[in-house]
Amino acid sequence: MVLASQAQHGMWITEMMHGTGTTYHMPFALWLDGPLDRGAMLKACESVLARQPVLGCAFEDRDGELHLVPAADRPPVEFTRAPDADALLREEIARPFDPGRGPLARFTLAEVTPSRHLLLFVGHHLVFDGMSKDLLVRDLAAAYSGRPLPPLPMPYGSAAAIPPEAAAYWRERWRDLTAVVIGGEARTVRTAGRGETVLLDLTDAMSGWERTGGSRFEWFLTGVHALLFGYGNAEAAVAIAMSTRSRETRDHIGLFATELPVYSAPAPDTTLAELAGELRAQLRQLNRIRDVPAARAAGGIRPRPALAPVSISFRRRAADVAFPGLSVSAEWKMSNHMVRNVLHLQAVDGDDGLRLTLHYSPDLIDREHVAAAGEHLRAVLACDPALRLADLPLPAAARNAAPGAAPPVEAPVPHADAATLDGELVEQIRHIWMEVLRIDDISPDEDLYDLGGHSLTITQISARIRKRLGVEVPFDVFLEDPTVGGVAAAVSELRA
């Protein structure tokens, strides 16, 4: 039993509170053509599981702290025959995980034809991230080739304090921007929903990046922020996945990334190069505090599937590795058929070029606007860095969107009337909140998040209620009515 990371804790409680379906399922497939040694490939999968201990874990809340514990069963490694590979992919991606029981990873080797096989891995994001795909392929190739895979130690287990620098940064910079204007409309997402994709090849579009003095990722991020400005967003928030791997964890499969928002509010006269410089400076600051989730550092942010309406996953993939006697192709950008925000841009940059998948919810935005956004991004990325934002090559229809369109107004949360509740129960819960939040006095109708609460706060309050009052409070109570009165009402109802 080891302590989970802050990023794992935040993702876990989001899953518990929102019921995110396949949102955190991470599928990865290898197509294997040639004379496959089936036994050797299945043994290679077992070797990866023996090397990477996190793949055999589940998650357990113990007294308000989240721990990695052994899964109830070993991750399955299965062989099947599947002439209809698409049906197998749909079924395996949709098959649910139980974070509290595990296992949170599975391998399926499928014979499509005698000379063509599919190796499908599906892992929960709690134990697998984008860079883990490269490590998975590397370890599989080594094991299939007969090379030994020394076991790695469990990479988690250290309690992490919030550095004052991170707390100060996010308390000053955090902006709760939940809407984004695309196609002339302000679009807002509150929960994860069904997702579809648009695929693009942007290999020939990244012509300006070398003249900015930055990286290809920085130029890509600049293009996204510039596009959002051109669409009428006076201020934009784009969440990016930043790696938290260190020298000690660089070979470990697992969740070693933190999603952090990057903001911009440029003037029309700002050039692309100037915007790139501003974003680069912001990234340098984020890099120093990348280990700390923004919600944990700032406090007062409700757990939710997405920190920003637009997000980016940009990854430079490793060089191809060889599987003896086989021709291998990887699906680096597979969809789990759900999306957490309005638009997610998944970019994989390799020696063969830059490939982009635009993930979107058809319930929020239609395919035509997403495809247009992809082509507009291509045009922006191909621009001269000296171009002003006011002169971006966007159609008039896109430019005429109203800047800063307001998101829909949410209905107020119905707070419980403490006067109708058991006064002793309210007082017991109020004191628990005061202990956890370290506040001398809290009224029954104060909002947990206004008081600086976050995901760890929720689990600590729940653990103390469970221990002292013998009641398991569902986490969704802290979304529906996050007040002392609201929690007391839930406890009273559960006791009845």
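Me: What is the place of glutamate 218?

Reply: In this predicted model, glutamate 218 belongs to helix 6, which covers residues 216-230.

Me: Why does glutamate 218 count as buried?

Reply: Buried means under 20% relative accessible area. Glutamate 218 has 7% relative accessibility, so it counts as buried.

Me: And which residues is glutamate 218 in contact with, leaving aside its neighbours within four places in sequence?

Reply: Those are Arg280, Leu283 and Arg284. Contact here means heavy atoms within 4.5 Å.

Me: On to the sheet. In what order do its 5 strands come?

Reply: The order is 5-6-7-2-15, in an open sheet with mixed pairing.

Me: What makes strand 5 and strand 15 stand at the edges?

Reply: Strand 5 (77-81) and strand 15 (327-331) each have a single partner strand, so one side of each has no neighbour in the sheet.

Me: How do you know that strand 2 and strand 7 pair?

Reply: Two strands pair if there are at least two bridges between them. Strand 2 (residues 25-33) and strand 7 (residues 116-124) have 9 bridges, in the antiparallel sense, so they pair. Opposite aspartate 33, you'll find arginine 116 in strand 7.

Me: What is the expected span of helix 2, and what does the helix reach?

Reply: You take 1.5 Å times one less than the number of residues. Helix 2 has 14 residues, and 20 Å is expected; from its first C-alpha to its last, the helix reaches 20 Å, close to that value.

Me: What covers the buried residues of helix 2?

Reply: The cover includes strand 2, strand 5, strand 6, strand 7 and helix 4 (130-144). Among the buried residues of helix 2 are Ala40, Met41 and Cys45.

Note on methods
Residues are numbered from 1 along each chain as its sequence is written. This is a predicted model: local features need pLDDT of at least 70, side-chain atom pairs count only at pLDDT 80 or more; totals for chains, interfaces and linings use all residues. Side-chain values use heavy atoms; hydrogens and water are left out. Helices (H or I, at least four residues) and strands (E, at least two) are DSSP runs, numbered from the N terminus. Buried means under 20% relative accessible area, exposed over 50%, partly exposed in between (1.4 Å probe, protein chains only).
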